[in-house]
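Colleague: I have the model open and a few things to ask. Can you talk me through it, starting with how you name the pieces?

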Amino acid sequence: MNIDKDLVAAMATPLVLAILADGSSYGYAILGRVRELSGGELEWSDGMLYPLLHRLERLGSIRAEWGLSAEGRRRKYYEITDAGRAQLAEQRRQWETANRTLGGLWGLEASGVGA
Amino acid sequence: MSADQEERIRQWRAAITRDPAVVGADADELESHLRDQIAELEGAGLRQDEAFIIAVRRLGEIDRITAEYAREHGDRLWKQLAIPAADRGDRRGSLARMIVFAAVAAVLIQVARLAAVATADGMPGAPTASWFPRDLGLFVLPVLIAYFAFRRAMSTRRCLALAGAVAGLAIAANVLPFVAGGSTELLVAIHLPVALWFVVGAAYLGGDIGPSDRRMDFIRFSGEWGIYVALIAMGGGVLLGLTVAVLAPIAPAAIEPVMTWVLPSGAAAAVIVAAWLVEAKKSIVENLAPVLTAVFTPLFAVMLTGSAIVYAIAGVGGDFDRELLTVFDVLLLVVLGLVVYGISARDARHGPVAMDVVRLVAVVAAIALDLLVLATMVDRVGELGFTANRFVALVLNLILLVNLAGTAWLTARLLAGRAMPVRIERWQTGYLAVFAVWVAVVLVVVPPVFGFE
């Protein structure tokens, strides 16, 4: 299944924030986590993640810091801020509403989101 | 990793950094990603070259990645973005278009001048009708507005809105019965070009005046436009000065016609040429503007702090200039310009830097200095009388003071690590609306209130 481009774009911010809410991480690992969570069905070009991370950093939702990988390579780690957590909570409310609305129409239980 | 693989990665990195939107640190981050991906694929048993190809494919086409970076980091190449991508190729077409519009501005100002001479009301010392200096901006800036409307290929509806705004301003400045030589007429003459400049902004942004980062683009454009105009004016001054020096001994009678024909047309054309230069020759001034702010912000910080101390110790003298407030308005405007320009040249992702401290010192000193003067002014307003000039100067002073106070507050929070730089940008871009409203008030409300005196 190929998920619509606009839908992926809309999901990207809450997805990244939610992953970072579990602990600080770096680009490659974030993408690995997305792939794992979506069972590989949610694909986006890896390169697109970084401009998004930079945007969230500029808006103060996340904070970045250069560190070193296990192999001693320079790597940029991202960490969610309080503002980012607030934004995530707000986005979550919106997604729950969207999910409930569509779920009601399609006779589904609004599941998964609250987990 | 083999030398071949390193070379492949090096070439890929070179390709990605060819676009100015991707800077070294971004390339580091992307390269780190690429290497992680390659290592994982090799771990899964792929050959080195296979792993490289798949890892690069996963990252996405280089053009699309750099385009995405360009969208986020508009400040790194904002002028390129401002020109629709299709335009980038046809430099020559854009040059021809600019020359046409510049010529229109040059001709229009002469037509207006001749009309003004023809309708001169014979006031002593005024060879032209009184509307000419007041309406000067109306003969130049609408050409610039049309230039941008054309360049941005704006829709008919938006073009009509721009035309409506210009027409409205032209009517406002010309139907009111000003007392000739009165101060309300002078105020209108000063504020009309500013109001028109806001319309230029709307055209520059192709009508998208809402988003804060687009407004910031216009602020950058304005600053760089100003620098280019100043450079052209200096060159033009040298040219005209030498012309006069050369003509004086042999044809002194030719000097005046040269001045009346070349000077106004040249100045009007310079308005368009400078706007074109900002977009076309981006990388020249791009490096100059941050340097200028970096040089002058500390100097102004020292000057303002020193002046504030002197004023605080000596007190604002009893016989100070009645129009001192106007001087301070200019001072605050310059400080605001330095601050806004400094912010616009700043990388919004970085936390506090030393220059933010200098900026804060300059702003706080300017506020302190201005408050000293303002307190004296308000104290003595009954004695001095409330003219249109003083009223406008006072309100502008308060508007600037509020802006700088907000800037100081946000800069202090930035330094304390409690606010993002983007907050200062938004404060400034949002404040443009306050300035626009105030300019409209000066044009439309102030003259009748003060009886057009």
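Modeller: Helices (H or I, at least four residues) and strands (E, at least two) are DSSP runs, numbered from the N terminus. This is a predicted model: local features need pLDDT of at least 70, side-chain atom pairs count only at pLDDT 80 or more, and totals for chains, interfaces and linings use all residues. Residues are numbered from 1 along each chain as its sequence is written, and chains are lettered from A and ligands numbered from 1 in the order in which they are written.

Colleague: OK, chain A. In what order do its elements run from the N terminus on?

Modeller: The order is α-β-α-α-β-β-α, and that comes to 4 helices and 3 strands.

Colleague: How much of chain A counts as buried?

Modeller: 23% of its 115 residues. Buried means 20 or more other C-beta atoms within 10 Å of the residue's own, exposed means 12 or fewer, and partly exposed is in between, with C-beta atoms placed from the backbone.

Colleague: Different topic. How do α8 and α12 of chain B cross?

Modeller: The axes of α8 (residues 141-151) and α12 (residues 255-280) of chain B come within 9 Å and cross at roughly 30 degrees. α8(B) is therefore roughly parallel to α12(B). Angles under 35 degrees count as roughly parallel, over 145 as roughly antiparallel, 65 to 115 as roughly perpendicular and the rest as oblique. Axes are lines fitted to C-alpha atoms, for helices over the stretch in contact, and angles run from 0 to 180 degrees between N-to-C directions.

Colleague: Which residues meet there?

Modeller: B:Val143, B:Leu144 and B:Tyr147 of α8(B) meet B:Val271, B:Ile272 and B:Ala275 of α12(B). That contact has 6 nonpolar residues, no polar and no charged.

Notes:
Two residues are in contact if their C-beta atoms, placed from the backbone, lie within 7 Å. Ala, Val, Leu, Ile, Met, Phe, Trp, Tyr, Cys and Pro count as nonpolar, Asp, Glu, Lys and Arg as charged, and the others, Gly among them, as polar.
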